[in-house]
Structures are given as C-alpha cells and as structure tokens.
Amino acid sequence: MIDINTLQRDLLARVNESETPEQVLKAPEFRDLYAQIPTLDPSERGAFGQRVNVLKKAIEEAVAERRLVLDREELAPIDVTAPFDINSALPNLLPSENGTIHPLTREIDRIADIFNRMGFVRENSREIDDQYHMFESLNFPKGHPARDDYDTFMTVERDQEGDPLIAPAHTSTMQNRSMVKYREALEQGDPIAVVVPDRVFRNEDLDARHEHTFYQVEGIYVAKGVHVGMLIATLQKFLEEYYGKKLEVRVNPFYFPFTEPSFEFALSCPFCDGKGCSVCSQEGWIELLGCGMIHRNVLKAAGIDPDEYTGFAFGCGIDRLVMMKYGIEDVRHFESAKLDFLRQF
Ligand SMILES: [Zn+2]
C-alpha cells in the first residue's frame, strides 16, 4: 500500500530539485497508484481515485511553478515596468564640412519646436520596451484583439512577466511614463504637456507607403477641464504652423483602446486647398492622424484621478507629414542612404 501523503512530499521534493521537472509527471509511482485501484474494495475506489487526481494536480502545479523559476533564471535582469529608463548615449558627431542634417531629423526638430512654443516638453522614446508600456498601461489587457494591429519585432529576452521585449510599434509607449513623471507637477496645478517624436517599428510588407522603421510624434495634454475642442484646436494650430497656411480640419469617430472617444483627424489638402489633386487622391482631404480623449483606465494606470483630471492624446506619422510637405513619393527614400535624395535637403 502506497501512502499518498508521503508520496506527495517525495514527488514535490523531486520537482523542486529537478532541472527537468516535467519528468516527475511520468514517475512510475503514478502508474502504481492507478494499478492499485482495482485491488480496493469497490466502496473505496471513488475516494481513492479522487485523492490520486488531487495529487496529480498538485504535482502539475508545482511543475509549472518550477518551470517559471527555471525560465526566469535565464531572463534579463530588468524591472518589469521600465526595463531601460535611458537609451544608450548618443555618439559624438563626426567632423564634417560637407554633411547635412538628415531631412527627418531636421523636420522632427521643427515639429518639436512648434509644440515647444505651445508649451509642450519633448521626451524621447525607447527602441526596446516592455509589453506593459506597449499595451497594458494603454488599456490593452493581455489577449485584447487590438494588440494584433501592432505587429512588430520581439527579442529573445523576456521581461519578468515572461513576455518578450518589443521594438515599440507606437510612441504611445511613453504616455504612462510621461504622466508618472509629471504627475506631481499636475497636482500642483501645472498641466502635463508632452510630445514624443521618435522612432517606431512595424513588421510590414515594404512598399512606397510602408516602412519597417518610421517616426511618430505622440502628444499628451492632461489638466482639469480639458475637452475635445482643445484637442482639435491644438492639432489645427500645429498643422497650420507646420504647413505655413490656414487649413480646414475634420474629425471622424474611430476606435483606439487608449482613448475614449477616439477620432481620425483629417485636414484639407494643403496642395489643392480641398479641390482634389494627386496627393489627396482627388479627395480634398487627407487622413493624417489618430487622436482622442485619454481613456480613464490609462489615467488610472498612471496614478491620475480621472474624476478630477481629463486629457487628450494624439499620434501622428512624421514620415507622412514630411512626405506631403516636400512631395516625396516613396517613404523608403528616408532610410535608403541615397545621397542624391539626401542632397536635395
Ligand atoms: Zn489635394
């Protein structure tokens, strides 16, 4: 007769010492236990079978836990909520008499400067981030179907929740960090006003409109009494400054998990003033960016009371803005290192 309690202690000890704990589930003692059932009095068989199942379940759970511990020992030693709080230092620039600033770098500085004059501070994004900042902090819980819209690259290394680190597919990864960083000032009456113009990545089939590496400017503004009118006015002012002319704008309802309500923001084509041309596909309007009021759950995740504060957020593709401004027909030129392209700027 096998004593189940003694056996359970013995098996658990084996699991916790093993580098391959799954093997313990195949221990011959289980077979012996099942073989014992027909030898029992029929009235005892049911209870005994249940006890064996409980044992099996306990061992399975212990194996799963042991597996997590073993895997975790191989993980990068990082903090799950902020794996890399700084990017590596930028290298010193090479001395050059003939070189020019890359057109994207120059336009990013212009964009940041316009927002800076409107009171926004500039933050940098990460080139590797965790899934908490990519998704969870932005109201995409694990398993949320909208995660599939952000197909990007992942590393072999995992964070301490066991998720692969990720090359961010949007600069919205900085929303939570920016809100946490400036939360104290918010409580003292200063709005949070941040823009993040930086590099993002997608696993795309490449063509004239799609690159695996491109640029976005994310913006957030949080204070008391912020409303949609302020969002629209801010974006309109920015675009008019950037294109140097008066523009009509239009918002249509859209869906993003991290804003509610969400909008797609279009401007009247700056090239034909809404009459229709090749840049706007004869529409007169150009859908340019996504925006909306920051979702309550996103504010809460940053420790901000959504009953007291509201805010807006927007994300805009920089490559597209620049392509429209200069009539560039193919997004791949930017990363191509073609000098005949770059020398035009
Ligand atoms: Zn047009």
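Helices (H or I, at least four residues) and strands (E, at least two) are DSSP runs, numbered from the N terminus. The model is predicted: local features need pLDDT of at least 70, side-chain atom pairs count only at pLDDT 80 or more, and totals for chains, interfaces and linings use all residues. Residues are numbered from 1 along each chain as its sequence is written, and side-chain values use heavy atoms, without hydrogens or water.

Helix H9 spans residues 318-326. Its residues Ile-318, Asp-319, Leu-321, Val-322, Met-323 and Met-324 are buried (under 20% relative accessible area, with exposed over 50% and partly exposed in between; 1.4 Å probe, protein chains only). These buried residues pack against H4, H7 and strands S4 (192-201), S5 (213-223), S8 (285-294) and S9 (310-317). Just after H9, Gly-327 has a positive phi of about 65°.

Leu-321 also belongs to the largest nonpolar core, which has 45 residues. A nonpolar core is a set of buried Ala, Val, Leu, Ile, Met, Phe, Trp, Tyr and Cys residues joined through side-chain atoms within 4.5 Å. Leu-239, Leu-288, Phe-314 and Leu-321 have the most contacts inside this core. H7 supplies its largest share, 6 residues. Apart from this core lies another, of 25 residues, among them Ile-220, Val-222, Phe-258 and Leu-299.

Leaving aside neighbours within four places in sequence, Leu-321 is in contact (heavy atoms within 4.5 Å) with Ile-111, Phe-238, Leu-239, Tyr-242, Tyr-243, Leu-288 and Cys-316.

H4 (residues 103-117) and H7 (residues 228-243) also meet. Glu-107, Ile-111, Ile-114, Phe-115 and Arg-117 in H4 contact Thr-234, Phe-238, Glu-241 and Tyr-242 in H7.
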